[in-house]
Amino acid sequence: MKVYITLCLSVCVYLCKALADSDPDAILEDKDVLVLTKSNFEWALKQHNQLLVHFYAPLSGQSLGSILEFREAAGALKEAESDVRLGGVNVKKEKDLAASLNVTTIPSLRLYLSGNKNNPVHCPDLKSSAAILTWLKRRKGPSADIISNLTQLEKFTGEEELVVLGLFKDLEEDIAKVFYETAADIADLPFGVTGNDEIFSKYEISGDTVLLIRKSKPDKQFEMGSSTVKTDLVQFIRLYEMELVTEYNGEKVLKFVVLVVFMLFINKTEEGFEEIFLAFKTTAEKLRGKVLFVMIDVSEPRNGRVMEYFRVRSEEVPQIRMVNLSNHVQYQLPSDKFDTQTLLEFCLKYLDGKAKPKLQSESIPENWDTQPVKELVGMNFEIVAFNHNKNVIVLFYAPWSSESRALFPLWEELAEHFRENEDVVVAKIDVTANDVNIHLREKYPSIKLFPAVYSERVVPYSGKRKLKPIVTFMKKEIEKAKTDKAKEEEWRKKYLNEQKAAVKEEL
């Protein structure tokens with residue numbers, strides 16, 4: 001009887017699986033997105049004349065954002081009873097399927113038409129659900145709004161911060177078709193087209209032209225010719241759609257047309273902002289298309305996360321970072337000057353491959369501890385600074401800072417003063433090349449004492465930067481540390497005795 005029941009169950013499971021593989025209704029859905037696998041992919045193509053497929057890796061940061069946007073678009077299409085269905089392929093699980101379809105870019109979108117899996121339409125980089133829906137809508141046509149008069153123009157240019165307007169004498173000629181094809185692919189911007197003479201006159205244009213209109217005012221224009229192809233127009237739009245300097249505000253999604261980003265971290269409320277920003281913007285004009293210039297206001301609370309990611313403290317600004325988005329390597333401006341010449345020279349040095357990257361830690365120098373002043377790096381900082389048998393005073397400096405370099409002779413004097421005291425270590429560390437896991441509240445150069453106690457105590461020094469007051473400060477803190485350490489040792493001894501007693505009772 002048991003054998004008979006087991007056999008029946010096995011047959012049922014087999015039949016259910018077979019039905020699931022052959023029944024289009026059995027393809028699983030996740031938030032209105034078809035879950036596509038190697039076993040059901042071709043079946044899905046047969047059932048849906050237009051199938052937009054999202055290839056993703058679930059644990060990828062880029063994929064996570066695209067998954068959420070794709071789901072939102074899928075829900076909107078389903079609610080509108082569209083004949084386009086959206087499906088997803090988890091390339092981590094469906095490696096064979098991804099390989100057979102020659103999927104190399106993750107995440108990516110492909111539109112499969114009429115069941116043909118060999119010739120999909122490769123979609124542009126659509127970062128939002130709105131862009132996905134717009135792209136699909138523009139494929140059906142028209143890809144650009146027809147602007148027939150000045151009233152429509154005013155409404156069109158006023159709805160979004162940036163719009164693209166094509167002005168053509170003949171809206172059906174081949175050159176206009178290049179514009180329509182471009183509009184179909186750039187789904188994240190509004191496109192309008194006109195042949196109206198009044199609009200030509202308004203912008204003082206006589207020939208076929210594409211205008212970028214920012215905040216209702218003409219910003220850039222591109223003259224179309226018989227040799228113009230879609231890639232030319234796409235490049236023009238992508239190059240000029242962002243302002244010379246883009247201000248990041250913690251919420252804005254940046255479109256990285258170029259992979260090299262020059263970032264200015266600055267407090268907009270502090271004196272000197274206007275002068276530095278002008279130099280930054282002037283440099284941007286000279287390098288448009290090669291480097292993307294981004295400003296981050298450290299006084300804006302929403303920018304906390306990006307500052308944390310780049311390990312920039314508000315006390316250290318203004319600060320410049322160059323970031324290569326292809327490998328996320330960072331480069332820091334080796335200067336405390338922020339004039340146009342310094343900024344431009346640094347950018348050109350990077351573009352020539354001669355800039356040195358910012359590291360989490362430099363290599364430990366040979367004989368680092370044989371000199372009177374010990375040279376610390378990220379890798380040995382905590383071991384030296386938090387040694388409970390040593391009182392360690394550290395100068396946190398920037399090598400290009402004149403104020404920092406001015407303290408180097410003082411530090412040699414300090415080391416000489418404590419030369420016979422084995423309990424004292426005088427050290428310095430370049431904080432621009434080495435990350436340290438403590439909160440430096442003040443801008444470099446800064447001075448901190450790490451007393452010889454078990455608890456990892458940090459005592460900042462804010463007095464005069466002369467030998468006598470620093471020595472007085474250190475002696476006072478060292479005496480205090482001796483008392484505190486004695487109390488700590490007494491507590492540790494008591495704690496150990498209590499633990500031993502507890503173990504004896506258990507035995």
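**Questions on burial, rings and charges**

Trainee: Is Phe293 buried or exposed?
Mentor: The relative accessible area of Phe293 is 1%. Residues under 20% count as buried, those over 50% as exposed and those in between as partly exposed, using a 1.4 Å probe and protein chains only. Phe293 is therefore buried.

Trainee: Which pLDDT do local features need in this predicted model?
Mentor: Residues are numbered from 1 along each chain as its sequence is written, and side-chain values rest on heavy atoms, with hydrogens and water left out.

Trainee: How many aromatic pairs does a search of the whole structure find?
Mentor: Rings of Phe, Tyr and Trp (its six-membered ring) pair if their centres lie within 6.5 Å, and planes under 30 degrees apart count as stacked, over 60 as edge-to-face and the rest as tilted. With that criterion, the number of aromatic pairs found in the whole structure is 19.

Trainee: What is the geometry of the pair formed by Phe280 and Phe293?
Mentor: The centres of the rings of Phe280 and Phe293 are 5.1 Å apart. Their planes stand at 65°, so the pair is edge-to-face.

Trainee: How many residues apart in sequence are the parts that Phe280 and Phe293 tie together?
Mentor: Phe280 belongs to helix H10 (residues 273-286) and Phe293 to strand E14 (residues 292-297); helices (H or I, at least four residues) and strands (E, at least two) are DSSP runs, numbered from the N terminus. Phe280 is itself buried, with a relative accessible area of 0%. The pair therefore ties together parts whose separation in sequence, in residues, is 13.

Trainee: What class of pair do the rings of Tyr461 and Phe473 form?
Mentor: The ring centres of Tyr461 and Phe473 are 4.9 Å apart, with the planes at 55°, so the pair is tilted. This pair links distant parts of the chain, 12 residues apart, with Tyr461 in strand E21 (residues 459-461) and Phe473 in helix H16 (residues 467-506). Both Tyr461 and Phe473 are buried. To return to the class, the pair is tilted.

Trainee: Which residue forms a salt bridge with Lys78?
Mentor: A salt bridge requires a side-chain nitrogen of Lys or Arg within 4 Å of a carboxyl oxygen of Asp or Glu. For Lys78, which is partly exposed at 42% relative accessible area, the closest N and O atoms are 3.5 Å apart, and the partner is Asp32.

Trainee: Where does Asp32 lie, and how many residues apart in sequence are the parts tied together by Lys78 and Asp32?
Mentor: Lys78 lies in helix H3 (residues 61-79), whereas Asp32 lies in the loop between strand E1 (29-30) and strand E2 (33-35). Asp32 counts as partly exposed, at 27% relative accessibility, and a network of salt bridges links Glu29, Asp32, Lys78 and Arg85. The separation of the parts tied together by Lys78 and Asp32 is, in residues, 46.

Trainee: What is the N to O distance in the salt bridge of Lys155 and Glu159?
Mentor: Lys155 and Glu159 are four residues apart in helix H6 (residues 150-159), which separates them by about one helical turn. Both Lys155 and Glu159 are exposed. Their side chains meet in a salt bridge with an N to O distance of 2.7 Å.

Key. This is a predicted model: local features need pLDDT of at least 70, side-chain atom pairs count only at pLDDT 80 or more; totals for chains, interfaces and linings use all residues.
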